[in-house]
Amino acid sequence: MSGGSGRRPPVVVAANWKMHKDPPATGSFFREFRASTAEGGPRVLVFPPAASLAAAVAARPPGVSIGVQNIHWEDKGAFTGEISAPIARGAGASHALVGHSERRHLFGESDADVARKMAAALRHGLVPLLCVGETLREREAGRVEEVVLRQLDRALEELPGARADFLIAYEPVWAINTGRTATPADVEAAHGTLRGRLRERLGAAAADVSILYGGSVKPANARALMAADDVDGLLVGGASLDADQFADIVEAARSR
Ligand code: PGA
């Protein structure tokens, strides 16, 4: 369990739609989405593609927060194709994914970029959801702890002082979009490592940081993953595109 104090981080269930759903499909999703988002249940976050952000902000039910999948670290400037934290905020986003493995591995985002993005998000009042996770090769080489701790430490490097107003997602790269899910034991080990480092850095405030698991989460495995120690929520890609499946996962997260 998350420490002896009894204080536990909020439960958060997040949908990463990646490059799926235009504005009309975004509206349809929210008309079909039936999970209860009342106070006291899991907090629900949805990360649509940037061009569907306004549609999501307009169509979401109360209690659902909307975020962007990526931000640039500068506030403004000649960066064609990029979105800054102030622009995302102005468009209605309250959260930002930072360092998703597809950004790191397909678009060459470095730990240093991730650190600057974390700082930019917090500077402008966007809650960052920092993604960390090892590749299959790193896992097979026994380097899971080293990799996730390096990613966490580097991501927090540019923050002014100790901040606990962010979220983490542990997403083993080999489990994303592959149908392979980490076992609850794998997840517990990685989440425990991350929680330990948060305690070293933040003391009691470590209990304010929700650590989500992501990687082929489905309605069928959500409950078992939520039962693992130090799992405070789920980051869902493929299964979040279907309003019923995502609602089932939100319901499963209520079980913690
Ligand atoms: P997946 O994606 O659920 O489709 O594996 C998770 C993610 O990339 O955040």
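I started at the N-terminal end of α10, where D242 is the cap: one of its side-chain oxygens lies 3.0 Å from the backbone nitrogen of D244. A polar contact is a pair of N or O atoms within 3.5 Å; within protein, one must be able to donate a hydrogen and the other to accept it, and residues adjacent in sequence count only if both atoms are side-chain atoms.

I noted that this is a predicted model, in which local features need pLDDT of at least 70, side-chain atom pairs count only at pLDDT 80 or more, and totals for chains, interfaces and linings use all residues. Residues are numbered from 1 along each chain as its sequence is written, and side-chain values use heavy atoms, with hydrogens and water left out.

Next I looked up burial in α10. The helix covers residues 243-253, helices (H or I, at least four residues) and strands (E, at least two) being DSSP runs numbered from the N terminus. I found A243, F246, A247, I249, V250, A252 and A253 buried, that is, under 20% relative accessible area with a 1.4 Å probe, protein chains only. Their cover includes strands β1 (12-16), β2 (43-47) and β8 (233-236), along with helices α1 (23-32) and α9 (219-226).

I then turned to the nonpolar cores (sets of buried Ala, Val, Leu, Ile, Met, Phe, Trp, Tyr and Cys residues joined through side-chain atoms within 4.5 Å). The largest has 68 residues, and F33 and F246 have the most contacts inside it. With 7 residues, α10 gives the most to this core. Leaving aside residues up to four places away in sequence, F246 touches, among others, F29, F33, V44, V46 and V236, a contact being heavy atoms within 4.5 Å. A second, separate core of 11 residues includes A14, F47, A169 and L235.

Last, I checked for open space. A pocket is an open set of points on a 1 Å grid over the protein atoms alone, with protein on both sides within 12 Å along at least five of seven lines; lining residues have an atom within 4 Å of a point. A volume is the space filled by probe spheres set on the points, which are joined across faces, edges and corners.

The largest pocket holds about 520 Å³. I counted 19 lining residues, with K18, Q69, N70, R103 and F107 closest to the centre. Helix α4 (residues 101-106) gives the most to this lining, with 3 residues.

The second largest pocket has about 240 Å³. Its lining has 18 residues, and K18, N177, V236, G237 and G238 lie nearest the centre.

Terms used
Buried < 20%, exposed > 50% of the residue type's maximum accessible area, 1.4 Å probe, protein only. 1 Å grid on protein atoms, 1.4 Å probe; cavity = no way out; pocket = protein on both sides within 12 Å on 5 of 7 lines; lining within 4 Å.
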